[in-house]
Amino acid sequence: MALTFKIGTASAAVQIEGDLPRTNWHAWAEKPGSIKDGTSPEPATGHWKRWREDNALMQELHLQIARISLDWTRIEPRRGQWDETAVARYREELIDLKERGIEPLVTLHHFSHPQWFEEMGGFAKEQNISLFIRFVAKILAEFGDLVSDWNTINEPNVFATQSFLYNETPPGGKSWRKALTTMRNFAIAHIRAYKLIHSTLDAPGRTINVSIAHHIRGFTPLNPKNPVHRAFAKIDDYLYNRLIENACYNGNFHPLLGRPPCDIQRGHYCDVVAINYYTRSTVRGLTDGVFPGAPVNDLGWEIYPQGIVECARELHERHRLPIWITENGTADNGSDTELERFRPKYLLDHFAAMAASGLPFERYYHWCFVDNWEWSEGMVPHFGIVHLDPTTLERTPKPSAYMLRDIIDQGKINDDIYQRYVK
Ligand code: BGC
C-alpha cells in the first residue's frame, strides 16, 4: 500500500526541553499529588542542551517533518521582556532542522504559558488575549522567514476541560463557566493569530498554513439501538469536538461561547484540517469508557485505528481541506526484555486505515520522538519511538523508529514490513 503523506514526529517544549523559566506547569507540579510520579518539567528529556543530538537522530531516521513548540515563557520570561539569547538559540535549532531537510511546523501555544500570565487569569480572561497576540507578533518577526506552517493553539478543548472540569491540569478548578470562557478565548486568540500570521507572512510564491491542532475523539454509543447511548454520544461529540471546531474554523460561535467580539466575523480560519487522534470513547449515558473487550494501551486507552479515518473524514467533509495528523501515538512501555510491545503494529494499522481511506492525508506527525514528560502522568507512559534512559538521558531508538525509516524510504507498507516488525 502506497503512502502519500510525509512522516515525522511531534513534541512540545515543556515536555522535552528542561532548563525553563517558571511556566504554569512548573507551578502546578509543585502541588502535592498533581503529577502521578512526583516529577516536574525538569529536566524532561534535556532537549534544551541535547537539541543537536536529537535533530541529528531525526535525520538518521530519515524523518521528513517535525512539529515543535516555541515556549512563550522562555521567550518572554517576564512580562514585556524578551530573552534574545533564547530567540537566537531557537533560530539555530530551526535552521539546523531545515538544513537537515526536516521541515518544521511550529505550535505557538501547547498547554504551557508563563506563570506570570497565569497569575493574571490566563486564557480565562478575554483582555489577556492581547498579551498572547503580542507574543505571536514577536515570533513572526523573529522566525517568520524560517517557518511557513503553524499551529496556533494545541487542543483548546483538552486544555479547557482537563483544567476546569476535571481539575487535572493548571490552573485547575471545577467550573463550566471557566471551561466555556477559556474555549471562547482560545477561539478568539486563534482567529486573531490566524489573521496576523497571514497578514505578516503572505507573499507571492509562498504558502502559509495555519490551523489549530484539534484533539478529536470519536464518541461511539455502546449500544447503537439504545436511544440514551445515542443521545449522549451526540451531546459529547458536540460539546467536546464541534463547539471549538465551529468557532475556530469558521468564526461560528455557539451561544454557549457568547457572541464573538466585533473584529471576528464568520469566515475561514484554518488552512488545513489538523487532527490529534489517539482513541475513541464508548458512551453509555453520562459516563464513557472503553468498548468491552477492545485492545487497550498502557494507559488503558482503546486502540482503534479506524477512528483516525472516521474523525478525519468528518472534518474533511465539512471543510474540504487537506489533512494533517498533527499527533497520533500510543503509550507502550515495553516489557522487561523489550523497549516496546505493540507500537509497530499500532502504527501500521493506522497507516493501513489511512491509505485505504482515499482521503487526502498529507502529513503524519507521530507523538512523540523521545519518551517525554507526559504532563500529569509524569515520566510514566512511554510514547516515544526513541527510548529515554531517565538517569543518563541517553537515547536509544526503538524498533518503531527503524520501521518508520524503512517506510519513509520505501514510500509504502507491505507484508515484508509487517513480518519484520510485528510479532
Ligand atoms: C497532547 C500531548 C500529550 C499527548 C499524549 C495530547 O493530548 O497534545 O502534549 O503528551 O496527548 O498524552
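In this predicted model, eight strands close into a barrel whose order is E1-E2-E3-E4-E5-E7-E10-E11, and the pairing between them is parallel. Neighbouring strands of this sheet are turned against each other by 25° on average when direction is ignored. One of the pairings joins strand E4, residues 149-154, to strand E5, residues 209-215, in the parallel sense and over four bridges. Within it, Asn154 stands opposite Ala213 of E5.

From E5 the view can move to the helices. Helix H10 lies across both E5 and strand E7 (273-276), and its direction runs at about 165° to that of E5. Two packed helices are described by the angle between their axes and the distance between the axes. For helix H9 (residues 176-201) and helix H10 (residues 227-250), the axes come within 9 Å and cross at roughly 35°, and the crossing in which H9 passes H10 is right-handed. On the side of H9 the contact is made by Trp176, Leu180, Met183, Ala187, His190 and Ile191, while H10 brings Leu239, Leu243, Ile244, Ala247 and Cys248. By class, the residues of this contact divide into 10 nonpolar and one polar, with no charged residue among them.

Rolling a probe the size of a water molecule over the atoms shows where empty space is left. At least two lining residues are supplied by each of strand E1 (6-10), helix H3 (47-60), strand E2 (65-69) and helix H5 (84-99), and the largest share, four residues, comes from H3. The lining of the largest cavity comprises nine nonpolar, six polar and three charged residues.

The second largest cavity has a volume of about 50 Å³. Which residues line the second largest cavity? They are Ser11, Ala13, Ile16, Glu17, His47, Ile68, Ser69, Tyr90 and Glu93. Helix H1 (13-16), E2 and H5 are the elements that give two or more residues to this lining, which divides into four nonpolar, three polar and two charged residues.

Terms used:
Residues numbered from 1 in each chain as written. Predicted model: local features only at pLDDT ≥ 70, side-chain atom pairs only at ≥ 80, totals over all residues. Heavy atoms only, no water. Axes fitted to C-alpha atoms, helices over the stretch in contact; angles between N-to-C directions. Left-handed = near helix turned anticlockwise from the far one by under 90°. Contact = heavy atoms within 4.5 Å. Nonpolar A, V, L, I, M, F, W, Y, C, P; charged D, E, K, R; others polar. Pairing = 2+ DSSP bridges. 1 Å grid on protein atoms, 1.4 Å probe; cavity = no way out; pocket = protein on both sides within 12 Å on 5 of 7 lines; lining within 4 Å. Points joined across faces, edges and corners; volume = space filled by probe spheres on them.
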